[in-house]
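Hello,

Here is the structure for you to look through. My notes on it follow below.

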Amino acid sequence: MSQRTESPSRPSTPTQNYDITIGCKLYVEVKKGKSGDKAQEFRKAEILSIRTNNQGQTEYYVHFLEFNKRLDEWVKIDRFDLSRDVERSVKKKIGKSIRDETPSLSGSPLREGSRTPSTASQKRKIAALEDASTPSTPLLEPQNDDYESIDGSLTPGSVTPLGLLSSNYTEEQEIERLRTSGSMTQILSEISRVKNLEKIHFGPYDVETWYFSPYPHEYSETGEVYICEFCLFHFMYERQLRNHVKKCQIRHPPGNEIYRCGDISFFEIDGNKQKTYCRNLCLLSKLFLDHKTLRFDVDPFLFYIMCQCDNYGCHLIGYFSKEKESTEGYNLACILTLPQHQRKGFGRLLIAFSYELSKKEGKVGSPEKPLSDLGWVSYRSYWSEVIVQILLEARNNSEEVTIEDISNRTSIKQDDVISTLNYLNALKPYKGQTIICLSEGVISAYNKSRIKHANRKIDEYCLQWTPPHFTSNQLRFI
């Protein structure tokens, strides 16, 4: 459970008597939500950074322990509960070196058993971005997951997914680590970075950011960035964006439209042909994906952009990327629905579209793992609905169906089918063998989900797409 407490009033102790430094842990007042609750709530947090703002006031960047990093924020000292003890980082000497006895970022998501990159990945790895202010080739590294929050329908802590998790932890331990950290970053320099932007202006929306993204350093001075919703060029000031919009002729992503059904369109973009657009897309995505790093160039990837179209143009809703050649059989590398479009079923539509492409390719696929907590829930929801539908159709037709049959019909990898059936508690022992048996509760949940997602489905007849094939020369970066 999260550490929470309520206090009727703030302490009146003079703040100058306290030496608040990086690494200190203390109770911080939580920013009031939309509910307007006047009751004060304090949570334990760690100081990650300190700065002086333009008014000469000291501000502290805090991470609330056992909560997702997207809640990290800059606060002033008047939100501290200094009536409680302040925990300080104890430094311990080891030979000639000095290190902190506690982790530098409590709750930070360094994995003790991080996965070693594959040989193919090592071949295509380019030089790391040493300077965050000059992101020459930013792309979200697809090694760890695809999406932080696809539909945003659940909050951290309300998740109980099962599946293929890290072998170094039990399922319960791994899920708890995902819940409390919300991050899978493998690189220390990524973890230590403080969120540099507070807000983006994207079309008619003002969107609060969640995580760090290596936009040019000068953008952090204003804490905001103005982004053209069509070409994704970014600007420091609103007047710059207005001048750009007058000249910008782009009204849809610079790729081939391969799907249109109603007002929803998908565009396929080759990262090798549209590098600028794809790099800008990755910079934008990094603001909402903590578990991705900026290691790979965009050349090895295809991007599938989902847009909502009107008379003015095609407006970006979300996207997913996939490797042109995946040695592990992944059909998705990274996936994101922009926050202003979450909780509308678009994330599920992206997942369904990725499997529709796999069906066209005649392959089974799976998203790159490990998945985040909300990623597991979103994929589990899709897998459950699709698999239950197959089983109910087989029952109505008095047809026997195996796990292999389910995988072939849905293009869902057999491991994912098995883990989903275990999650549904549908695998039962019977006379020395295992059978699939759906409970009434599972069927009832399926019927409710089907009604809920009735308007968000992929029509296979609207997909005009031939699987691309690349020569060895085109894949020389792998």
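Is cysteine 314 buried or exposed? Cysteine 314 is buried, with a relative accessible area of 9%; buried means under 20% relative accessible area, exposed over 50%, and partly exposed in between, with a 1.4 Å probe and protein chains only.

Before the rest, two notes on the source. This is a predicted model, so local features need pLDDT of at least 70 and side-chain atom pairs count only at pLDDT 80 or more, while totals for chains, interfaces and linings use all residues. Residues are numbered from 1 along each chain as its sequence is written, and side-chain values use heavy atoms, with hydrogens and water left out.

Cysteines

A disulfide is a covalent bond between the sulfur atoms of two cysteines; here it is taken as a pair of cysteine sulfur atoms within 2.5 Å. By this rule the count is zero. For cysteine 314, the nearest cysteine sulfur is that of cysteine 309, 3.1 Å away. For cysteine 462, it is that of cysteine 261, at 4.0 Å.

The sheet

Helices (H or I, at least four residues) and strands (E, at least two) are DSSP runs, numbered from the N terminus. Two strands pair if DSSP finds at least two bridges between them. Five strands form an open, antiparallel sheet in the order β13-β14-β15-β16-β18. β13 (256–261) and β18 (334–337) are at the edges with a single partner strand each, so one side of each has no neighbour in the sheet. β16 (residues 314–323) and β18 are joined by four bridges in the antiparallel sense. Tyrosine 319 has leucine 336 in β18 as its bridge partner.

Angles run from 0 to 180 degrees between N-to-C directions, with axes fitted to C-alpha atoms, for helices over the stretch in contact. Helix α6 (residues 275–286) lies across β14, β15, β16 and β18, at about 75° to β15. Helix α7 (residues 346–361) touches β13, β14, β15, β16 and β18, and makes about 45° with β16.

The cores

A nonpolar core is a set of buried Ala, Val, Leu, Ile, Met, Phe, Trp, Tyr and Cys residues joined through side-chain atoms within 4.5 Å. The largest has 45 residues, and Phe266 and Phe353 have the most contacts inside it. Helix α8 (373–396) is among the elements that give two or more residues to this core, and gives the most, with 11. Phenylalanine 353 touches residues including Phe266, Tyr304 and Leu463, not counting residues up to four places away in sequence. A second, separate core of 36 residues includes Tyr211 and Leu283.

Regards

Technical notes: Contact means heavy atoms within 4.5 Å.
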